[in-house]
Amino acid sequence: MTESKRLVTLFQNLYNGNPWIDVNIISSLQKLTAAQVSKRILPNCNSIWEITNHLICWKENVLQRLQGEIIKTPYHNYVQEIKSNSDEEWKNTLIQLEITQKKWIEFLKNIKDEDLEKTYPINNMTYYEHIQGIIQHDCYHLGQIVLLSKLS
């Protein structure tokens with residue numbers, strides 16, 4: 001199996017499969033309502049919805065980097081207050097997460113293993129390090145989502 005195929009499997013499992021950590025992103029989010037995900041469970045902590053938007057934006061940021069764009073991270077680090085907390089808007093957020101996931105899978109299916117060694121000029125990290133980093137980032141925030149959902 002090529003490394004790119006292994007990466008596709010890791011991305012798919014973490015998103016909606018059976019990853020080693022035993023929880024996945026979409027199953028953890030789909031069962032929650034807009035009211036639950038917009039609520040600040042703990043003081044000075046982000047809501048689940050804010051974390052989800054943060055995940056989407058970082059996934060898009062890193063994918064754009066690997067597609068050759070130079071991206072500057074905004075001062076808010078993709079964490080912004082939710083303006084509308086309707087059920088419809090929450091569904092739209094989950095749709096955007098799905099779209100971003102599909103873009104990643106398509107990218108990973110087409111990347112050549114030798115391209116994983118290319119480096120992003122701003123931080124000199126390899127494409128492989130960026131890909132592993134976004135997987136780690138998703139796992140980190142999935143843990144927050146699971147904990148906050150248990151507290152809601």
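Biologist: What is the place of Glu3?

Modeller: In this predicted model, Glu3 lies in helix H1, which covers residues 3-16.

Biologist: What makes the pairing of the side chains of Glu3 and Tyr128 a polar contact?

Modeller: The two side chains come to 3.0 Å, and the cut-off for a pair of N or O atoms is 3.5 Å. The value lies within that cut-off, so the pair counts as a polar contact. Glu3 also touches Asp113 and Leu116, when residues up to four places away in sequence are not counted.

Biologist: Why is H4 called roughly antiparallel to H6?

Modeller: Helix H4 (residues 48-66) and helix H6 (residues 127-151) pack at an angle of about 175°, and their axes are 10 Å apart. Angles over 145 degrees count as roughly antiparallel, and therefore H4 is roughly antiparallel to H6.

Biologist: Which residues make the contact between H4 and H6?

Modeller: Among them are Ile51, Leu55, Trp58 and Val62 of H4, and Ile131, Ile134, His137 and Leu148 of H6. By class, this contact has eleven nonpolar, seven polar and three charged residues.

Biologist: Which residues have the most contacts inside the largest nonpolar core?

Modeller: They are Phe11, Leu29, Trp104, Leu108 and Ile131, in a core of 42 residues. The elements that give two or more residues to this core are H1, H2 (25-30), H3 (34-38), H4, H5 (87-110) and H6. H4 gives the most, with nine residues. Leaving aside neighbours within four places in sequence, Phe11 is in contact with residues including Trp104, Leu108 and Ile131.

Biologist: Why is Thr33 called partly exposed?

Modeller: Thr33 has a relative accessibility of 38%. Buried means under 20% and exposed means over 50%; the value for Thr33 falls in between, so Thr33 counts as partly exposed. Thr33 is placed in the loop between H2 and H3. Thr33 and Ser152 are 119 residues apart in sequence, and their C-alpha atoms are 11 Å apart in space.

Biologist: How do you know that Asn110 is exposed?

Modeller: The relative accessible area of Asn110 is 52%. Exposed means over 50%, and therefore Asn110 is classed as exposed. Asn110 belongs to helix H5, and its side chain reaches the backbone oxygen of Glu106 at 2.8 Å.

Conventions:
Residues numbered from 1 in each chain as written. Predicted model: local features only at pLDDT ≥ 70, side-chain atom pairs only at ≥ 80, totals over all residues. Heavy atoms only, no water. Axes fitted to C-alpha atoms, helices over the stretch in contact; angles between N-to-C directions. Helix = DSSP H or I, 4+ residues; strand = E, 2+ residues; numbered from the N terminus. Parallel < 35°, antiparallel > 145°, perpendicular 65-115°, else oblique. Contact = heavy atoms within 4.5 Å. Nonpolar A, V, L, I, M, F, W, Y, C, P; charged D, E, K, R; others polar. Polar contact = N/O pair within 3.5 Å; in protein donor to acceptor, adjacent residues only side chain to side chain. Core = buried A, V, L, I, M, F, W, Y, C linked by side-chain atoms within 4.5 Å. Buried < 20%, exposed > 50% of the residue type's maximum accessible area, 1.4 Å probe, protein only.
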